[in-house]
Amino acid sequence: SNSPYYSYNSLYNLSIQYAGDDLYLIVGSDIVNDIPNWYKGDWILENFKLLVVARPGFAYDKIDIHKYLNISSTELRQMYRENKQVYPLVPKTIDEFIKQNKIYE
């Protein structure tokens, strides 16, 4: 099928799989303001805590974020590859999930 696959679809499936857990969505400051315009964006904002990564020249507004990270995803991946301390840059639960699932190895 050529129907679009929205972020909502993946996030909804994760919300079912991890029901009862705190769920986080990591996005860049370049797109955070667009989330209310996404397919079911209001649902995403109600069900996921936002971790926003700074992007030069992009500021966010009117969005309730959990944490603002002034680090690039490339830098974060490199920190994991080098076994550097990443917490508290990301929440402990996410840090543990990334390590347990060897996401950046």
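Helices and strands here are DSSP runs, numbered from the N terminus; a helix has at least four residues and a strand at least two. With that in hand, the layout is quick to read. This is a predicted model. The protein has four helices and three strands. Along the sequence they follow the pattern α-β-α-β-β-α-α.

How far can the prediction be followed? The mean pLDDT of the protein is 86. Of its residues, 97% reach 70 or more. Helix H1, residues 7-17, has the highest mean pLDDT, at 95. Strand E3, residues 67-69, has the lowest, at 71.

Next, the overall dimensions. The C-alpha trace spans about 40 × 35 × 30 Å along its principal axes. The protein has 105 residues, and 30% of them are buried. Its accessible surface comes to about 7,200 Å². Carbon and sulfur atoms hold 48% of that surface. Charges come next. There are 11 positive and 13 negative charges in the protein. Their mean positions lie 5 Å apart.

Now consider how the chain meets itself. Serine 29 sits in the loop between strand E1 (24-28) and helix H2 (41-47). Leaving out residues up to four places away in sequence, serine 29 touches Val52, Val53, Ala54, Arg55, Phe58, Ala59 and Tyr68.

Is serine 29 buried or exposed? Its relative accessible area is 2%. Buried means under 20%, so serine 29 counts as buried. Its side chain also has a polar partner. A polar atom of that side chain lies 3.1 Å from the backbone oxygen of phenylalanine 58. Phe58 is also one of the residues that serine 29 touches.

Aspartate 64 is the next stop. Aspartate 64 lies in another loop, between strand E2 (49-53) and E3. Is aspartate 64 buried or exposed? Its relative accessible area is 71%. The cut-off for exposed is over 50%, so aspartate 64 counts as exposed. Where does glutamate 46 stand relative to aspartate 64? The two are 18 residues apart along the chain. Their C-alpha atoms are separated by 9.8 Å.

Serine 29 is buried, at 2% relative accessible area, whereas aspartate 64 is exposed, at 71%.

Note on methods:
Residues are numbered from 1 along each chain as its sequence is written. This is a predicted model: local features need pLDDT of at least 70, side-chain atom pairs count only at pLDDT 80 or more; totals for chains, interfaces and linings use all residues. Side-chain values use heavy atoms; hydrogens and water are left out. Buried means under 20% relative accessible area, exposed over 50%, partly exposed in between (1.4 Å probe, protein chains only). Accessible areas come from the Shrake-Rupley method with a 1.4 Å probe; for residues, only the protein chains shown count as cover. Lys and Arg count as positive and Asp and Glu as negative; His and the chain ends are not counted. The place of a charge is taken as NZ of Lys, CZ of Arg, CG of Asp or CD of Glu. pLDDT is the predictor's confidence in each residue, from 0 to 100. A polar contact is a pair of N or O atoms within 3.5 Å; within protein, one must be able to donate a hydrogen and the other to accept it, and residues adjacent in sequence count only if both atoms are side-chain atoms. Contact means heavy atoms within 4.5 Å.
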